[in-house]
Amino acid sequence: MSELIKTVDLKKYFRISKTEQLHAVDGVNLSIDAGKTLGVVGESGCGKSTLGRTVLGLQPATGGQILFEGKDLTKLSASERKKYTKEMQIIFQDPYSSLNPRMSVFQLIAEPLQMHRVYKTKGELLDRVLYLMEKVGLDLRFINAYPHEMDGGRRQRVGIARALALNPKFIVCDEPVSALDVSIQAQIINLLMDMQEEMGLTYMFITHDLSVVRHMSDEIMVMYLGQCVEKAPAKELFAKPMHPYTQALLAAIPQPVLGAEMNREVIRGEVSNPINPKPGCRFATRCKYCTEACTKADLPLKDVGEGHQVACVLYN
């Protein structure tokens, strides 16, 4: 399986003042093979969405490399990078705020096709829009409807159709079902999986719902305050979580079994400051296993076998 996208020591900092920077993404290394899905999980504010947007170039990287089919996108000019925008798309979290309320469904889906001048005639453009609507399960009677006239599930289908319009290879799914009802979530997830199988798409699936990511992902990356603390194949991560933060996340998943014992453990302590963070594990202030070694220096990911990597002194 060929590697489609890779990041090397990727960083995205936001300047707060002359001397302070918020480390939203700090030295992330990831690799996604063509046709596979990388799930990215973590608490709100851990840098998941910023990572996805930085990979796509929606936000400029502060440092590191973004390799797409071996080409370093960080070294390209805006005009040179434009041809790669067709290959890399995003599905946003909120289907209402991500769609222009003054545009109809036809206009919304046709917009990326018109911007890249894919079709020369209006007839070809209409045929493509109708095809995409049918593909994502959106009734053709909505072609002249506006976003406020549809429910959340249909709006998200419009967003998916827009993302698929240019036949991309890579799509960042930024919590695409978190704003939807549970029954609609299942429909959208199944649609994304069907599209992946049919079109050979590669996904970065960002979510805080561990049940969803387990169903969707080939590999899962756990983020905490801008850093990757654990990465493993999906089955391996759920069978043998190693980082204390990952263990706490998995322990918080509700068990749909009457009378089942809950082994939840409350994470105590203060969240580390992401502005000019000190060296060491950023989970140390909340970890019951914390030792002096945890705060001396940043901890690199260590390979512990079976494609499992963890950044923790417990496994050094």
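By class, ten nonpolar, four polar and four charged residues make up the lining of the second largest pocket, where Ala, Val, Leu, Ile, Met, Phe, Trp, Tyr, Cys and Pro count as nonpolar, Asp, Glu, Lys and Arg as charged, and the others, Gly among them, as polar. The model is a predicted one, in which local features need pLDDT of at least 70 and side-chain atom pairs count only at pLDDT 80 or more, while totals for chains, interfaces and linings use all residues. Residues are numbered from 1 along each chain as its sequence is written, and side-chain values use heavy atoms, with hydrogens and water left out.

A pocket is here an open set of points on a 1 Å grid over the protein atoms alone, where a 1.4 Å probe fits, with protein on both sides within 12 Å along at least five of seven lines, and its lining residues have an atom within 4 Å of a point. The second largest pocket holds about 310 Å³ of space, the volume being that filled by probe spheres set on the points, which are joined across faces, edges and corners. Of its 18 lining residues, Gly-27, Gln-227, Cys-228, Leu-299 and Pro-300 lie nearest the centre. Strand 2 (21-33) and strand 10 (227-233) each supply at least two residues of this lining, strands being DSSP runs (E, at least two residues) and helices likewise (H or I, at least four), numbered from the N terminus; the largest share, four residues, comes from strand 2.

The largest pocket has a volume of about 680 Å³, and among its 30 lining residues Leu-58, Thr-85, Met-88, Gln-89 and Ile-90 are the closest to its centre. In this lining, 16 residues are nonpolar, nine polar and five charged, and strand 6 gives the largest share, four residues.
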